[in-house]
Amino acid sequence: MLSLIIVLPLAAAAVLAGLPRLKDSAARTVFAATAGVETVLAVGLWAGYRAPGPGGLAYEERLRWIPNVGSSYHLGVDGLSLPLLVLTTVIFLACAVYDWKSRDRVRARSALFLFLETTCLGLFAAQDLILFFLFFDLSIVAMYFVIAGWGHGDRARSAMKFFLYTFLGSLALLVGFIGLYLGADPHTFDIPELAAANAFRGNPAGGFVLAAILLGLAVKTPTVPFHTWLPPAHTDAPATGSAVLAGILLKMGTYGFVRIAMPLLPDAWRAWSPAILTVGILSVLYGALVALAQSDLKRMIAYTSVNHMGYILIALGAAGAATGAGSTVRATAVTGAVTQMVSHGLITGALFLLAGVLQARAKTYDMGAFGGLATPAPKFAGFFAVAAFASLGLPAFSGFIAEFQIFAGSIGAVPLTAIALPGIVITAALFLRALQRIFTGPVKGRAEGFTDLRPAEMLSAGSLLVLSAVVGVFPAPLLAAITPAADAIVSLVRR
Amino acid sequence: MALQLLTEAAHSGPDPLALLPEIFLLAGAITALLTGSFLARQRQWITRVIAIVALLASAAAAVAALGAPAASVYEGSYTVDAATGGARLIVAVSALLVILLGRDELRGTDRESEHHALVLLASLGAVVLAGTSDLLVLGVAFLLASVPLYALIGMNRTRGGAEAALKTYLLGALLGIALLLGVTITYGLAGTTGYAGLASGMATAPGAAVAVGLLGIIAGLMFKAGAVPGHFWVPDAAQGAGTASAAFATTVPKVGGFIAAYRLLDAVHGTVNWPLLIAVLAALTMTLGNLAAYTQDDPRRLLGWSTVSQAGYLLMPVAVAGSVPLALPALLVYLAGYAVSNLAAFAVTAAYPDRRTLAGFQGLGSARPWHAGALVVSLLSLVGTPPTAVFLGKLTVFTAAWDGGFWWLTVIAAVNTIVSLFYYLRWIAPVFRTAGPDTPGAGDFSPRPWAARTAVGAAFLILAFGITAGLAWAALAGAPHS
């Protein structure tokens, strides 16, 4: 079942690549239909999901792959990966709908996005470090071509910077994985086996291995000071590319923390938690402040991603901090972190899709070039306002649930993390200011003659926002899946 | 001498069929050469068929011998084991790809039959170099692998080709003498030329003398491997020689050089501190190759420097020979992956021989998507992106080096890999850019058919190898645990 979900987009991509004379309409139908089937399959996966118990996996598959280095084709899901799998399929479906009217090399773009979907799904289902690394690297390659091929502005340079920077992260990750492999006896790359073995207990070398892994994941997440590739990549990427980059690819970094770094190197994680907390707090505050200073809307959203990813780091750092706090508080923080991954994917995905409308109509993201846009484009203004409020953490949206749990857990474990709270206020301020600059006042600049949202744009961005609201109002099903897994992570980290 | 050895093999050896893959190469070379001298220029293609048949037969014989237990033949002077089996197979498949990608370039030229004969002879030299476990045969194999190479590199009779051939010859002669000197000293110290007796024979010898002897031999083998200090000829040969010869010269000799170095150093494990020397050479080679490739604008010269950097990664398992069980499989996997990836990239340049700048490939992506795909796969494989062939090689050599205590070498190699991505991307990026009016050739891509087909075929081979090599390895070597 998992293999089917992972391979189906790849097969569809191969079909698209192999039929050079396919019409645009057929290509986009294949893309949308595959993305739709994927979403249905992923929702089916969730419907049939029964919590497998601590350390267990649902839908597990394991085949021999490279037995001589202890690596296998090992897939499985638990409460950490299942929400992200569903999120992936939803985001890609939204992208397929959003680009429905696009005419720019439809066949190649559809094939590339389907390939990208395979890498994202594979990564979240992988239970083997080499398999994880394979999908991690391929997602970078695919995103490079998305930015270089369909971006705008200085896209070649941005794509190159993205590739080099995240490739640096992936090599650091590989070095860390080799360290994990050599540390375990018998040598293995299998994630559950490594988690059970906890081979680096009391071994100071674990700190260096974790350092390599943290570097790799921190570049991908990204956190301060490894975030500099993110703003140019987002600014020059196409709207759907940005949505996938922010919605899914950034989660690969944060997911790596909970899937690999915390359970496999608990001693080192606890030792490093002050540094992780510091980086998290810095990311929150720095991301928010720099976002406040932007005049380019997409750069602004990109920096708020740095801010939002910082909350996740704070929660995960607090889970490993050496204080007297109980497991419940820490588990609340971890649950909040995973919820934040889903929530950020939905909301920022929607924000980037909406920001893409500016580029499509007016060829610029500069907020100063617009004014009074609510008059010619009331729907756009409405959607954007909803997305902005969701992003700044308004109750009734998923962001509130996530950030509330993160802070409740983190401050409970490490009271000092309260110094990150102003990040929320700054984020609120910058979104309100952006709304004011673009949408209110007299109609001026590029806002004149601005066409309002088309149905495809409304449907794609709107459905992401609806999902965010559903999670915000009925969080119980999501939390029911995440909480047992978060408990398991906390007990693994504290052993 | 090698001829003598091999003809003797056919008559007097304990198992005349033990060297069947080598015999096919020799027979193919002689047949191609003789047949070629009696054929009109328009019918020289027959020699190509002979060469292909010989290589296929050699590869088939090598596959048939793969599972057999390791054996030492001819009084210990030649070893038939997993390393020799790997060398036979990699060399035969590589030479086959070279002949296929050079088909359009050489068809109907007055040097076609000689080319094929020389390719087969140099391949034989590489295999014997890899298989020998005797210092004297090592010296002979060095000559057998080198002399045809000089001729191949200079054969297209261009200025660049002549310069490259001269450079290769001078360096080969110099380091060949170093190798023979090293062989002499080592023989004098150990009292034997067989690898089996070297370590015990040199146990009481002064360390400095042992080091000088080994140093000379390693210097000679680094010429074959294209690694520091014997790397100077590689970029010139890659740029100046004919495409097929360049592809051959940057691939097949390495197979012989690295496996020979591995075998020798494995035999003298524990004598002097050679692992550190090899590790330093590895770090120097990969760094130098990568930095020099940085600024190249000719794709062939870029590939030449890239093969130097790849030689650095290939030295990593050699540095831990004898102390890490993973070293030999890592070396073989990397060699196989590297050979097919490098040849795929050369095949793309062979398909468009007139495009000698990176910018000349602008627009290839939209004009010839399959060829662009083959180029991307081969270059990403050289970077080491999964699931391509070199990824498995990189994973295993990184692991082997760290396991042998050289964690710093693994870190240097990882940093070098990031650096290498930069110049490979300099080639990938224009491929997907739209061709402008100032593009050389203006985006009119009419490929040479066989070279292009070889490129696409090799690209599929890269992916197939990368995905299935782990299982094949387990089937051949036996999995350590389920």
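Tutor: Domain bounds come from an automatic or database domain assignment. For chain B that assignment gives domain 1 (1-272) and domain 2 (278-477). This is a predicted model, in which local features need pLDDT of at least 70 and side-chain atom pairs count only at pLDDT 80 or more, while totals for chains, interfaces and linings use all residues. Residues are numbered from 1 along each chain as its sequence is written, and chains are lettered from A and ligands numbered from 1 in the order in which they are written.

Student: How do you know how many residues of domain 1 of chain B are in contact with domain 2 of chain B?

Tutor: Two residues are in contact if their C-beta atoms, placed from the backbone, lie within 7 Å. By that rule, 39 residues of domain 1 of chain B are in contact with 40 residues of domain 2 of chain B. The centres of these two domains, taken over C-alpha atoms, are 22 Å apart.

Student: Which helix gives the most to the side of domain 1 of chain B that touches domain 2 of chain B?

Tutor: H4(B), with nine residues. Helices here are DSSP runs (H or I, at least four residues), numbered from the N terminus.

Student: What makes H16(B) and H19(B) roughly antiparallel to each other?

Tutor: Axes are lines fitted to C-alpha atoms, for helices over the stretch in contact, and angles run from 0 to 180 degrees between N-to-C directions. The axes of H16 (residues 327-351) and H19 (residues 389-403) of chain B cross at roughly 150 degrees and come within 8 Å. Angles over 145 degrees count as roughly antiparallel and those under 35 as roughly parallel. H16(B) and H19(B) are therefore roughly antiparallel.

Student: Why are H13(B) and H15(B) called roughly parallel?

Tutor: Their axes cross at roughly 25 degrees and come within 10 Å. That angle falls under the parallel limit, so H13(B) and H15(B) are roughly parallel to each other.

Student: Which residues of H13(B) and H15(B) meet, and of what class are they?

Tutor: Lys254(B), Phe258(B), Ala261(B), Tyr262(B) and Leu265(B) in H13(B) meet Ala311(B), Leu314(B) and Val318(B) in H15(B). Ala, Val, Leu, Ile, Met, Phe, Trp, Tyr, Cys and Pro count as nonpolar, Asp, Glu, Lys and Arg as charged, and the others, Gly among them, as polar. This contact therefore has seven nonpolar, no polar and one charged residues.

How values were computed. Helix = DSSP H or I, 4+ residues; strand = E, 2+ residues; numbered from the N terminus. Parallel < 35°, antiparallel > 145°, perpendicular 65-115°, else oblique.
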